[in-house]
Amino acid sequence: MVRITEKNGEEISFDFKAFKHKVKKFFSSGEKSADSHRLDANDVSLDFNTVKKFIMTYGILFLILIPLLLSIVVRMQTVSMPVVDDWAKNAVFNYQKNQIAASIQKQYPNLPEQNRQVLIDEQFNKLYAANKDAMDAAVKQTAEQFKAFFRKDNGDMYMPDLDPYHYLRYARNYITKGMLGDVKIDGVEYVDRMLAPSLRPVDVNLHPYATIFIYKIMHLFNSNVDIMIAMFFLPVIFSALAVIPAFFLGRRIAGNAAGFFVAMLVAVHPSALGRTAAGFADTDVWNLFFPVLILWAFVELLYASDLKKKAIYAALTGFLMGFYSFAWSGWWYILVFFLATLAIYILYELIAHAGKRKEGMHAWIGHGTIRDYLFATAVLLVSSFIFFILFGYFIEGWSLGAGIQSFLGIFFWAPISIIYLKQVAVTQVWPNVYTTVAELNPASLGQIIDNIGMGSLWLELIGFMGTIMVLFTPKENKWISWGYFAGSLLWFAVVLKNIPGSTINLGIVQISPTVIFLLLLSVPLLAGLVLSLIRKQEIEPQAAILLTIWFLATIFATTRGVRFLLLFAPGFSVAFGIALGIAFVMLSSWVAEHLNIKLFITQMLAFALLCLVLIAPISQAFAMTKQGLPSINDTWWDSLTEIKDKTGNDTIITSWWDFGHWFKYVADRRVTFDGASQNTPQAHWVGKILLTDNEDEAMGILRMLDCSGNSAFDYILENVTFNDSLAGVTMLYSIFPYEYEKAEGILKDSGVDATPRKRILELTHCKPPEGVFITSGDMVGKSGVWAHFGSWDFKRATMYQKTRNMDAQQAQSYLTSTFNLTEQEANGLYYEMETSDPNQWISPWPNYIGIVGCGAKDNTTLVCPISVQGRTIPLQIDMETMDFFIEGNNQARLRISAAAYVNGKEYIVKKYDNVTMQLGVALMQSSDGYKALFMEPSLTGSMFTRLFYFDGVGLTHFGKLSDKTGLTGEHVIVWNVLWDGKKAESS
């Protein structure tokens, strides 16, 4: 038997032994004869007391089970891949419709399109009616063929995301090696697969341990279970568990109905659901599970009736904070929310009881409520500190000093780091990769509100009203409460529909639209607090303060990075549930009082009515998970498996960082960089390899990366150029294209002494391990990113970094003296820096534009028309002279920047003078004729263009290992790196 105590102290019992009997009794109408075949109306009696007793006894159980099961069901939908069923249906049906359309076209060639489509639909419907079973079977078979593309050979669906494979590899290591890392040195575990060839300490995290725990439980029932399956279901399990504290959290603030509605929205809110469905097993689930659990403990602290209970819940909150720090580095956000809540509430109480100042400072500050909350704040802060240190010590081996420094950092540099997360050339001249990470992209205020409110203004209003509805009870001070609610509703509606779009200039101070918006959203809370102080009305504003702070802080954080939107889901769900819970009490009470209906009946009706509000969120939830598919598939899995089977264990895989975690897990090989090490100089070096048109330079960079990563630059910076990054990068570029002897001569001529010369060359010109290079179709769309970093201008980055805090005169002096510029040139550059986006000013974003078919203009000329910025450009190619041009007035030949074509086994790049249009093009020949690849000029002769589009023609250091194209068009080419070149290999 389980007992749960309500606020009023009454205990509700769950007697599971009697549960089955009660259900049977409830639904039965009494004894019936064995030959009874029909139900007589007189046989059924509806006993409301029985119904009421049943609900009172078991209602809470159902109020928890319903959202818990909903959370599981909606997240498990991805397993069956319903979107693929739609693909299959469309494929089969469209094939039949195309056959019908072809037949109709022959019979009625002049039939208008609208009439033709009607005829097609009619004939298809008849065909389907006559062959329904066969066509449905074809759809099912086609769907299974499609789904197999997203499953392993054993039938398990691939995990859909990227980052989970990083933690999955840790978990696999633990199962096979007894440790998360790959090697252990002096008792410290290291990973040798990321940021090769260096070793990196294991970034200890709750995620792999939770996976291992689930795996061991599953292993008890199935010894052949794959550890990937354990991680696959991890988000489903912990999302469902989050529903339980969510219910008791809402129940504590506003009753059982509020608990149910809070739990329901926690189960289906799209901000959380999109990152916690089955298989989407990144660490995001902890930002749902822990915030809800910690919120519950903190709310219990706020509403605890005596000091002892407050202290216990404060300590529990601190413990959970420490545990949360083991799961996510941003755990401290919530601690700051809580401390701010306590501080504002204590300030409110001080103002409310200001009259006690006459009795002395001790009587004022020592007032019971203030004293209790001051003590609870101290316990929360101290317990959070202690458990943060303990988790760090036992799990990550921190020293006490390191733990203290890290804890204090959350109040100083951690909040500031959010602001500078995507700054360019502030602390270093290397590019900031975080500027291109999708989950760190800023979101607009409109996008944020639309997402948290699930696209409905009414749902948004319910959530925002929930932040302030706990302030007043309409039953008391009816008109003031209703007036306050109505005014707040109107205020929120106006603010949400008229989000500020411009900055307010107050002379010295400029207030951004975000700050204006947040200030406006805080007005209802401030008005409520002031109103209670004026009327000297005792209220409990703790939850209202907490939720308002949660809303304002997470909205601000999300304007800095969309990933913080997930943190909004728990707070919004609580506010939403509270609003509906209070509405339930108000509505049922009002109807019972004014219509003289039993309260129990009005409660049932009000509850059913308010449940209709959940239809939209639940529908959106199922629609969202229906679209879930793995981003990895057979094409990638088979390509990486081939690397594992055909290369040595020390092989290093180089490609763009996005899929690095896949490389580590599936191929089980070292990678140049990955999603856990993307913001490193490797981003520039790999981008340059892909962008450069000089194969020798590309191989020089790749050799350095496989020999030592970025250690050569670090050594030069410390021992040769003495913190001059520009000089260090310039020195490396001077030796990349050359072999050892010539590179040594260049360093010697540059004044580098013998000892550092030798060390630099050890780091750049060693005999590298086996290497693999991957080019894939996804990198075409990402070209603007890797080419941006690859074309990074360190000279401009240095200029910006050094002058960003200088006035015009200081900047001019620095630029003229350091870079040998004239005053006019220096002033021009300073003006550009002041008025331009630094990321754009330092480096462009070269992109591929697209591929178009080419047709013959005459016997010697091809025409390849492409639409650029709304106008069609008829590029012409003289096939005899291989001259690329756009025909202008009077048959003048207007020039593009660069053109490329294949001549035998040679890749020819032509660069033109007197350029009319900044455009690059490469002519491609295939079995169905000629096509033209249009792109930014700098990509025309790039290594990526030649490797991916032209099969590596003319390159001597790349030999194809595999070339696969998948069901949905993925194209993955794996290249062996031939360090000595093809000629040396064949000799």
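**Exercise 1. Find how many helices and strands the protein chain has.**

Solution. Count the DSSP runs: helices are H or I runs of at least four residues, strands are E runs of at least two, and both are numbered from the N terminus. That brings the protein chain to 41 helices and 21 strands.

Before going on, a quick note: this is a predicted model, where local features need pLDDT of at least 70, side-chain atom pairs count only at pLDDT 80 or more, and totals for chains, interfaces and linings use all residues. Residues are numbered from 1 along each chain as its sequence is written, and side-chain values use heavy atoms, leaving out hydrogens and water.

**Exercise 2. Compare the radius of gyration of the protein chain with that of a compact globule.**

Solution. Start with the rule, which works over C-alpha atoms: 2.2 Å times the number of residues to the power 0.38. As for its extent, the C-alpha trace spans about 95 × 90 × 65 Å along its principal axes.

**Exercise 3. Work out whether L566 is buried or exposed, and what L566 touches.**

Solution. Next, check the cut-offs: buried is under 20% relative accessible area, exposed is over 50%, and partly exposed is in between (1.4 Å probe, protein chains only). L566 has 4% relative accessibility, so it counts as buried. Finally, look for contacts, meaning heavy atoms within 4.5 Å. Leaving aside residues up to four places away in sequence, L566 touches S271, A272, D284 and N287.
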